[in-house]
Amino acid sequence: MKYRPIGRTSLKASVVTFGAMGIGGGFRYPDADDTVSVRAVRAALDRGVNVVDTAPVYGFGHSEEVVGEAIRGRRDDVIIATKCGLWWGDDEGSYRFTWDGHAVRRNLSPRTIRIEVEESLRRLGTDRIDIYYTHNPAMPPFLTPIEDTIATLVELRDEGKILTIGASNCPPEDVETYLAHDAIEIVQRRYSLLAREVRDDILPLCASTGLSLHAYSPLANGLLTGAFTRSAPPAREGSRRDDPLFGDRFGPAMDLVEGLTAVASSLGTTPGALAIAYLLASSDAVNVICGIRRESHLDDVVAGVELDIDASVTAALDELAEDFEATARETA
């Protein structure tokens with residue numbers, strides 16, 4: 001395993017993170033098995049993966065509970081990342097979606113953040129959260145001023161309930177505001193060969209300020225593992241239900257996947273491992289969140305960490321990504 005610091009902190013994080021969304025179960029992951037999930041978290045720790053990323057909304061607390069069970073007795077070996085801001089406790093907030101019968105709203109008010117952090121601490125069975133993210137920015141009509149949100153997070157940091165502040169799915173101007181208050185070390189955004197928008201905004205900002213980029217969905221909902229073919233696409237259900245990569249963009253995406261698979265084969269590795277290695281090679285600021293639901297998913301993750309790719313491989317993958325992006329622009 002390889003390690004990099006989280007932002008400007010002393011936290012030494014494995015360059016890949018255990019993404020715990022899937023172990024929360026619910027309608028998106030109805031086949032989640034807690035025994036299998038706990039075993040997967042512990043296997044990841046045994047293989048050097050020391051960061052686990054979860055959130056209250058993943059299974060409405062269940063993912064955090066499973067993580068808490070898995071790390072029992074090993075708390076000091078783990079960097080826990082969880083989130084606030086997707087609220088279902090009452091009707092306050094800006095409505096976003098309904099999952100499993102819960103109406104979820106964006107709410108980053110001081111009141112709800114303080115409730116959420118206590119609930120996460122309880123479910124995780126810990127006295128501190130290492131990285132605490134705002135899950136999404138506030139939005140109208142319930143638009144909490146970002147300065148009020150930041151002030152609450154700083155208070156929680158001063159109290160020792162959270163150690164490091166992060167922001168997920170936020171624009172560069174929000175990151176700049178967090179920086180102005182010395183209240184951020186890591187930004188979480190989608191990043192893969194099929195989603196490289198962060199290269200135009202957030203990634204350069206992270207690199208220039210010393211922040212980390214926590215890259216989620218690096219395998220594009222499993223598409224970049226090479227597990228699917230044009231003739232055998234996955235069903236559009238669960239987490240893939242609303243993903244355009246499995247709809248209008250499936251054909252162009254498969255062009256990239258086939259090219260990725262060919263390059264991986266020439267290197268004696270898997271497309272999934274190569275997709276992860278590509279992200280890690282793009283910047284020292286990057287830490288990759290890999291969705292893991294069972295022990296076998298760790299194989300590509302660890303192989304991706306161990307794989308060193310040179311400039312010629314990166315250039316070949318860049319070309320594949322650029323072709324996909326050009327096609328996506330034409331059909332937008």
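Strands are DSSP runs of E with at least two residues, numbered from the N terminus. The legends below describe close-up views of a predicted model.

**View 1. His214 in strand β12 of the predicted model.** Strand β12 comprises residues 212-216, and His214 lies within this strand. His214 counts as buried because its relative accessibility is 0%, and buried means under 20%. A polar contact of 3.3 Å links the side chain of His214 to the side chain of Asn287.

**View 2. Ala32 in the loop between β3 and α1.** This loop joins β3 (16-19) to α1 (34-46). Ala32 is partly exposed, since its relative accessible area is 27%. When neighbours within four places in sequence are left aside, the contacts of Ala32 are Gly22, Ile23, Gly25 and Arg293. A separation of 9.3 Å lies between the C-alpha atoms of Ala32 and Arg294, although these residues are 262 residues apart along the chain.

**View 3. Helix α8 and the elements against which it packs.** Helix α8 has 12 residues, 271-282, and spans 17 Å from its first C-alpha to its last, close to the expected 16 Å. The helix is mostly covered, with 10 of its 12 residues buried. Among them are Pro271, Gly272, Leu274, Ile276, Tyr278 and Leu280. The buried residues of α8 pack against the strands β1 (3-5), β3 and β13 (286-291), and against the helices α7 (250-267), α9 (298-306) and α10 (311-331).

How values were computed:
Residues are numbered from 1 along each chain as its sequence is written. This is a predicted model: local features need pLDDT of at least 70, side-chain atom pairs count only at pLDDT 80 or more; totals for chains, interfaces and linings use all residues. Side-chain values use heavy atoms; hydrogens and water are left out. Helices (H or I, at least four residues) and strands (E, at least two) are DSSP runs, numbered from the N terminus. Buried means under 20% relative accessible area, exposed over 50%, partly exposed in between (1.4 Å probe, protein chains only). Contact means heavy atoms within 4.5 Å. The expected span of a helix is 1.5 Å times one less than its number of residues. A polar contact is a pair of N or O atoms within 3.5 Å; within protein, one must be able to donate a hydrogen and the other to accept it, and residues adjacent in sequence count only if both atoms are side-chain atoms.
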